[in-house]
Amino acid sequence: MRLSQPIIILKEGTERSRGSDARNANIMAARIVSEAVKSSLGPKGMDKMLVDSFGDVTITNDGATMLKEMDIQHPAAKMMVEVAKTQDDEVGDGTTSVVVLAGELLGKAVELMDKKIHPTVVIDGYRDAQDQALKFLEEISIKVDPKDRDVLKKVAMTATASKLIAGYSDYLSDLAVDAVLQIAEETDGGYEADLDMVKLEKKPGGSLTDTTLIRGLVIDKEIIHADMPKNVHEAKIGLLNAAMEVEKTEFDAKIHIESPDEIQAYLDQEEQMLREIVEKVKAAGISVLFCQKGIDDMVQHFLAREGILAVRRLKKSDMEALAKATGAKIVTNVDDLSEEDAGYAATVEEKKISDDKMIFVEGCRNPKAVSILIRGGTDRIVDEAERSLHDALCVIRDVVEDPRIVAGGGAPEIEIARRLRRYAEKLSGRERLAVSAFAEALEVIPTVLAENTGMDSIDTISEMQSRHEKGELWAGLEAAKGEVSDMYELDVFEPMQVKAQAIKSATEAATMLLKIDDIIASSKMRPPPMPPGGMPGGMPGGMPGGMPPM
Ligand SMILES: Nc1ncnc2c1ncn2[C@@H]1O[C@H](COP(=O)(O)OP(=O)(O)OP(=O)(O)O)[C@@H](O)[C@H]1O
Ligand SMILES: [Mg+2]
């Protein structure tokens, strides 16, 4: 059959690349992202300063945050961002590691494909290696008591050792352990800790050691009227999501007033209505009122006269947290305030924090609500402290929920790689190469840790390998001294789940990118062009995919 006209399938402007071109472009984009975060891995890793389009500056060591702020465009590179996010959502730590590992898995895959090994063989080999690696990880993991404060603190200290706030790691880890143990709930066969119950509130000023754990909630608002009580004991709490003022009509109305008496009558009437609103609050027995909307000046005055503590314009999330903590029901009409729907807290108090005032709601009906009030010299320190505390809380939760740990410093990666190589010996030809490549890729973690510590990575890795051969299971890289030591004895503990999730997510991302052999990008969604030489141009009009310089 001969056609005299071309058949147009894709819209004009669509660009397409296929086969190894497509794969290589994706792999290169993903690896560039992985290279970008490498230098921040480990306690001696560097931080990154990111400036967004508004000029706002973020200084961080957190892999997920870095990638989120980087404004990455290339679709394959975006997958790395997603991998970090998944890691963050699932276990909260190891977000840099997972991206570095995924990049290395792709790098090793390219070497195999250069040796004419088909991508599907690599993918199968990687999947097999992943299953084995997870098995080995479980084998070497150590069971701990999920309520053992000492272990939990060490896990938190390892997670925060690599952060800007490392100097305060000890203090903040104690706080984080207290917080998680407070909210942990026993379930059949273990514990569960819902980190939504830990509210992090920030207030720049003071020092990081002024950070405190509050058994209750902190609300970043002030009491609205000077004559209201500054603290209330045995508080009956009302939560209102409605404005406390005379309702305005929705249409324009004119009132004709003919005498001064009528003006007075009109004003009296309005005052009466506002007084009634306050009466309703009082009738419901409420002593502390949190209002999501505004409160009229006159109402404030009447509330103050009744000795009711009131706060207005709360965030929705604060209202919800208060409802959860105090057991109050949020009502949308003053008429619905009632004694049964009121919440309880032992004290509600306004305290001065630096130049600001904040409301502390403590001794709530639900003792599982806690807050951490983060203090620190500047906005940026407070922000990074929040991210680090998030990591600390997550790793503690991970261990409380699945009480198995490993020691860090690259020791588990070296050990798993060693066992994988032994496993690979039993396999045939190509598959063996893929499993061995996976083992080598795992060693990127200790390699990068060594590089970031300023050590010779080849020497360090071979020393670690030979000590593992001799049965030193936890021989890893001690960053502080820059030597190979027993990481278990040094108390560098990490949740097994963080390592397991990193292996799973990195393998998944790498195999997904390896499987792609066709990129069809519509004209609007086209990845940005790659510099010359970045990708071998194959087909006419092929996708010059790639990454913008970072
Ligand atoms: N004292 C230490 N000596 C050597 N290595 C350590 C030490 N403390 C932690 N590590 C290692 O540092 C690595 C973690 O580094 P880092 O916290 O920077 O990255 P991440 O956990 O992968 O990502 P992120 O914390 O950004 O989510 C782990 O491999 C851990 O074993
Ligand atoms: Mg970490």
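User: How many helices and strands does the protein have, and what makes a stretch count as one?

Analyst: Happy to start there: the protein has 16 helices and 21 strands. Helices are DSSP runs of H or I with at least four residues, strands are E runs of at least two, and both are numbered from the N terminus. This is a predicted model, in which local features need pLDDT of at least 70, side-chain atom pairs count only at pLDDT 80 or more, and totals for chains, interfaces and linings use all residues. Residues are numbered from 1 along each chain as its sequence is written, chains are lettered from A and ligands numbered from 1 in the order in which they are written, and side-chain values use heavy atoms, leaving out hydrogens and water.

User: Why is T511 called buried?

Analyst: Buried means under 20% relative accessible area, exposed over 50%, and partly exposed in between (1.4 Å probe, protein chains only). T511 has 3% relative accessibility, so T511 counts as buried. T511 belongs to helix α16 (residues 496-515).

User: And why is D491 called partly exposed?

Analyst: D491 has 30% relative accessibility, so D491 falls in the partly exposed class. D491 is found in the loop between β19 (483-486) and β20 (493-495). Its phi is near 65°, a positive value in a residue other than glycine.

User: What makes the approach of T511 to E508 a polar contact?

Analyst: A polar contact is a pair of N or O atoms within 3.5 Å; within protein, one must be able to donate a hydrogen and the other to accept it, and residues adjacent in sequence count only if both atoms are side-chain atoms. The side chain of T511 reaches the backbone oxygen of E508 at 3.0 Å.

User: Which backbone atoms come up to oxygen atoms of ligand 1?

Analyst: Among them are a backbone N or O atom of G42, at 2.9 Å, and one of G63, at 2.9 Å. Of the 640 Å² of accessible area that ligand 1 has on its own, the protein covers 95% (Shrake-Rupley method, 1.4 Å probe; for residues, only the protein chains shown count as cover).
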